[in-house]
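Hello,

Here is the structure I promised to pass on to you. Have a look at it first, and then read on for my notes.

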2 protein chains.
Amino acid sequence: MKIIGAIPRPVQRLIDQLSWLPGIGPKSASRLAFFLLRSKEEHVVQLGESLISLKRDTSFCSVCHNITSSDVDPCIICADVNRDTDLLCVVEEPLDVLAIERSGTFEGIYHVLHGAISPVDGIGPDELKINELFNKIRTSEIKELIIATNPNLSGEATAMYISKQLSDGDLRITRLARGLPVGGDLEYTDEVTLARALEGRQDM
Amino acid sequence: MKIIGAIPRPVQRLIDQLSWLPGIGPKSASRLAFFLLRSKEEHVVQLGESLISLKRDTSFCSVCHNITSSDVDPCIICADVNRDTDLLCVVEEPLDVLAIERSGTFEGIYHVLHGAISPVDGIGPDELKINELFNKIRTSEIKELIIATNPNLSGEATAMYISKQLSDGDLRITRLARGLPVGGDLEYTDEVTLARALEGRQDM
């Protein structure tokens with residue numbers, strides 16, 4: 001087709017790669033590629049270098065499994081002596097930690113599961129950092145576990161699974177108040193709603 | 001601020017760089033960065049490499065000034081012996097060439113100005129490939145010049161400037177029919193409207 005010949009190969013390759021990103025369709029990808037062609041080479045190369053080194057320069061915190069710089073383990077939150085280590089908040093993804101930090105009302109520590117239980121997608125407890133969570137609870141002084149999984153089907157399933165497994169101990173298990181819009185995505189919740197949900201957390 | 005500590009430096013740097021792209025705000029940039037963190041390293045590195053080599057592997061066609069692979073000059077369109085070299089279409093940007101190619105109704109050749117006259121932004125004829133256009137018209141056998149600048153203020157100013165400078169020759173000067181939505185952007189025009197506008201072009 002004529003149109004394919006009109007786009008130089010290096011540009012077409014970039015368009016194809018950008019189209020693979022979430023929320024970026026072929027038109028946005030073209031627009032981005034041609035924007036980059038017009039931009040200062042320095043900026044474009046820096047962006048390229050950041051991408052190449054992204055995985056190399058980051059790793060997972062050995063304590064909470066959140067993303068951290070490769071040379072910082074445990075992560076800044078886990079290493080912070082001012083945080084309340086009695087209070088552990090379980091989230092699905094690193095972005096959820098950011099959302100809760102942004103609400104400015106949580107002083108405890110985190111545990112990142114890296115997903116939620118979803119039998120349809122073949123994701124069971126063993127695919128997540130759930131055993132690590134149980135080990136942590138057994139071996140440390142945690143008094144309250146706040147389950148902050150997403151308010152959707154797999155998030156609820158994960159919350160139920162965790163709370164059932166831990167129900168015979170004297171650990172207080174809570175979950176975020178149902179102020180969250182059901183079916184939504186935790187990381188997009190506004191700060192005020194999220195702060196309300198934290199304050200109004202209920203025993204489960 | 002606490003929230004800044006919660007994002008590892010390599011990730012924050014990538015978020016800042018992605019936010020600088022058009023149409024990508026800080027929230028989309030975070031989401032993209034964390035998507036890339038979850039993606040296969042291979043894919044992310046390939047995207048990074050494409051960005052780094054983008055400028056090195058592309059250059060401008062010495063004939064039409066459109067973007068071409070560094071090792072292909074003149075570009076595929078200029079080198080195509082089946083194209084009608086009597087018919088020259090002037091556009092502002094490389095993306096506009098793609099939009100017209102996509103309409104499938106144009107068999108001539110192109111000239112890319114790399115912008116439009118805009119005194120407010122300090123862009124006059126000398127900042128564009130306008131002298132190159134006049135040289136081309138003087139030294140080749142072009143019978144018709146189709147001015148396909150954007151249907152907005154600076155596009156119209158550019159069209160007027162070019163047609164005035166060339167009005168004393170016997171070159172036929174046309175512009176795309178006013179089927180284009182005024183104030184819009186040429187590259188987003190749908191194929192049918194663009195094909196209509198090409199067919200209905202009027203002498204100016």
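A word on terms before the notes: helices (H or I, at least four residues) and strands (E, at least two) are DSSP runs, numbered from the N terminus. Please also keep in mind that this is a predicted model.

A:H114 sits in the loop that runs between strand 4 (109–112) and helix 7 (130–139) of chain A. Its phi is near 65°, a positive value in a residue other than glycine. There is also a cis peptide bond in chain A, from A:D73 to A:P74, with omega near 0°. A:P74 lies in the loop between strand 2 (67–69) and helix 5 (76–79) of chain A. Chain B has a cis bond as well, from B:D73 to B:P74, again with omega near 0°, and B:P74 belongs to the loop between strand 2 and helix 5 of chain B. As a reminder of the background, most residues other than glycine have a negative phi, and most peptide bonds are trans.

Next, how are chain B and chain A related?

Now the interface itself. Chain B contributes 65 residues to the contact, and chain A contributes 65 residues. Between them the two chains bury about 6,100 Å², with 69% of it on carbon and sulfur atoms. On the chain B side, the residues that lose the most area to chain A are B:W20, B:L51 and B:K55, which together make up 11% of what that side buries.

As for polar links across the interface, I have 8 residue pairs in polar contact between chain B and chain A, both residues being at pLDDT 80 or more. The count of salt bridges between the two chains is 1. It joins the side chains of A:R38 and B:E93, at 3.9 Å from N to O.

Which elements of chain B supply at least two residues each to the side that touches chain A? They are helix 1 (2–5), helix 2 (9–19), helix 3 (26–38), helix 4 (41–57), strand 2 (67–69), helix 5 (76–79) and helix 6 (94–103). Helix 4 of chain B gives the most, with 16 residues. By type, the residues on this side of chain B divide into 32 nonpolar, 13 polar and 20 charged.

Over all chains, the structure holds 11 salt bridges. One to look at within chain B pairs B:R83 with B:E101, whose closest N and O atoms are 2.9 Å apart. This pair links distant parts of the chain, 18 residues apart: B:R83 is in the loop between helix 5 and strand 3 (84–91), and B:E101 is in helix 6.

Finally, the domains. Chain A is divided into domain 1 (9–56) and domain 2 (67–203), and the C-alpha centres of these two domains of chain A lie 34 Å apart.

Definitions and conventions. Residues numbered from 1 in each chain as written. Chains lettered and ligands numbered in written order. Predicted model: local features only at pLDDT ≥ 70, side-chain atom pairs only at ≥ 80, totals over all residues. Heavy atoms only, no water. Contact = heavy atoms within 4.5 Å. Buried area = accessible area lost by both parts, 1.4 Å probe. Salt bridge = Lys/Arg side-chain N within 4 Å of Asp/Glu carboxyl O. Polar contact = N/O pair within 3.5 Å; in protein donor to acceptor, adjacent residues only side chain to side chain. Nonpolar A, V, L, I, M, F, W, Y, C, P; charged D, E, K, R; others polar. Domains from an automatic or database assignment.
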